[in-house]
Amino acid sequence: ADRTVTEIAGVYELVSDESAVEVADGIVVSERNGFLENIDADLLIRASGRLAKEHPESSIRVTNYLGSSIEVGSTLVTIEPPVSIDSELEDLVRKSFSIQKFRSFDQDVEYGIRQLVDIGIKAISPAVNDPTTCVNCIHYLGVIIKELAGRDLTSKTAKDLVKHRISVKEPSFEQFVDDAFDQIYHFGRRDHVIVRTLIGVLAEIAASVADAERLKTLAREIAEMELSELGKPDGETAFETAEQRNYVRKSLVAFYRTVATRANAIGVPELAADY
């Protein structure tokens, strides 16, 4: 991409754009292309301290998740309420963001999830046809989501930054669950082994969840698979044989029993009754 952009600059002239406007007050944009690798909290806190001296009513809001694709001109932060800042402070804000050509594991939990999902999807492609590898990926994704299920998902960095009037954008538990399982289900939904494995892993996670909202998130993930037809004697499913349908049906029943049992255990009997 970088090479191609360089070629474009050498081959074509810029079009005059009279409608182009300057960056509005209170917005700092990127001067680089790449992925947001990490945030230097110390530098951003210094920037916030300088801002507070001149504009004590203003705070900084980071607008991208770690791992986000950033382009030249993409907004890095907004200052709320918006105020004009000098170029020195603007540069300090920019230096707080490490923008690299590739994503890394540094502070970026979603990157590890993304890699496992990509391996799993490739494994069940017709060209590779290796469902065992996909099953292994699903189990490892379960390990990650189970670990996240027991964590406060406001990061340590975010907690430090909020003390200095800086808010950052972070994934929710629901986003992590969607990232981990949605695409694998989409590509593997006609393979009863993949579907059964997904249901079993989500049941394993549900068995340890201590938060009612996170338990609901796991139940919604299963509901969105739209497997309700399995409960109908004459229902149409993606699975060819009665044996396959029965295996998936049993996994589904076991999942909802697990959710109901767990809901009772954490003191939410009304939620248990739903399942």
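Buried means under 20% relative accessible area, exposed means over 50%, and partly exposed covers the range in between, with a 1.4 Å probe and protein chains only. By that scale Glu226 is exposed, because its relative accessible area is 66%.

This is a predicted model, in which local features need pLDDT of at least 70, side-chain atom pairs count only at pLDDT 80 or more, and totals for chains, interfaces and linings use all residues. Residues are numbered from 1 along each chain as its sequence is written, and side-chain values use heavy atoms, with hydrogens and water left out. Helices (H or I, at least four residues) and strands (E, at least two) are DSSP runs, numbered from the N terminus.

**Nonpolar cores**

- A nonpolar core is a set of buried Ala, Val, Leu, Ile, Met, Phe, Trp, Tyr and Cys residues joined through side-chain atoms within 4.5 Å.
- The largest nonpolar core has 47 residues. Ile145, Phe181, Ile184, Ile199, Ile205 and Leu227 touch the most other members.
- At least two residues of this core come from each of helix 4 (109–123), helix 5 (131–149), helix 7 (173–188), helix 8 (192–206), helix 9, helix 10 and helix 11.
- Helix 8 gives the largest share of this core, nine residues.
- A second, separate core holds 24 residues, including Leu44, Ala47, Val83 and Leu89.
- Contact means heavy atoms within 4.5 Å. Leaving aside neighbours within four places in sequence, Leu227 is in contact with Tyr185, Val195, Ile199, Phe239, Val248 and Leu252.

**The loop between helix 9 and helix 10**

- Glu226 lies in the loop between helix 9 and helix 10. Glu226 has a positive phi of about 55 degrees, although it is not a glycine.
- Ser228 is in the loop between helix 9 (212–223) and helix 10 (242–265). Ser228 counts as exposed, because its relative accessibility is 57%.
- Ser228 and Leu252 are 24 residues apart along the chain, and their C-alpha atoms are separated by 9.4 Å.

**Thr217 in helix 9**

- Thr217 is found in helix 9. Thr217 is buried, because its relative accessible area is 8%.
- The side chains of Thr217 and Arg220 are joined by a polar contact of 3.2 Å. A polar contact is a pair of N or O atoms within 3.5 Å; within protein, one must be able to donate a hydrogen and the other to accept it, and residues adjacent in sequence count only if both atoms are side-chain atoms.
- Not counting residues up to four places away in sequence, Thr217 touches Phe173, Glu174 and Val177.

**Aromatic rings**

- Rings of Phe, Tyr and Trp (its six-membered ring) pair if their centres lie within 6.5 Å; planes under 30 degrees apart count as stacked, over 60 as edge-to-face and the rest as tilted.
- The structure holds two aromatic pairs. Phe255 and Tyr256 form an edge-to-face pair, 5.2 Å centre to centre, with 75 degrees between the planes.
- Tyr256 and Tyr275 form a stacked pair, 5.7 Å centre to centre, with 20 degrees between the planes. Tyr256 lies in helix 10 and Tyr275 in the segment after helix 11 (269–274), so the pair ties together parts that are 19 residues apart in sequence.
- Ring pairs link Phe255, Tyr256 and Tyr275 into a cluster.
- Phe255 is buried at 0% relative accessibility. Tyr256 is partly exposed at 22%, and Tyr275 is partly exposed at 31%.
- Arg196 lies over the face of Tyr247, at 4.5 Å from the ring centre. A charge sits over a ring if NZ of Lys or CZ of Arg is within 6 Å of the ring centre and within 35 degrees of the ring normal.

- Three strands form an open, antiparallel sheet in the order 4-2-6. Two strands pair if DSSP finds at least two bridges between them.
- Strand 4 (69–70) and strand 6 (97–100) are the edge strands, and each pairs on one side only.
- Strand 2 (residues 34–39) pairs with strand 4 in the antiparallel sense over two bridges. Gly34 has Ile70 in strand 4 as its bridge partner.

- Most residues other than glycine have a negative phi, and most peptide bonds are trans.
- Glu80 and Pro81 are joined by a cis peptide bond, with omega about -10 degrees. Pro81 is in the loop between strand 5 (75–80) and helix 3 (87–95).
- Asn129 has a positive phi of about 55 degrees, although it is not a glycine. Asn129 is found in the loop between helix 4 and helix 5, and is exposed with a relative accessible area of 59%.
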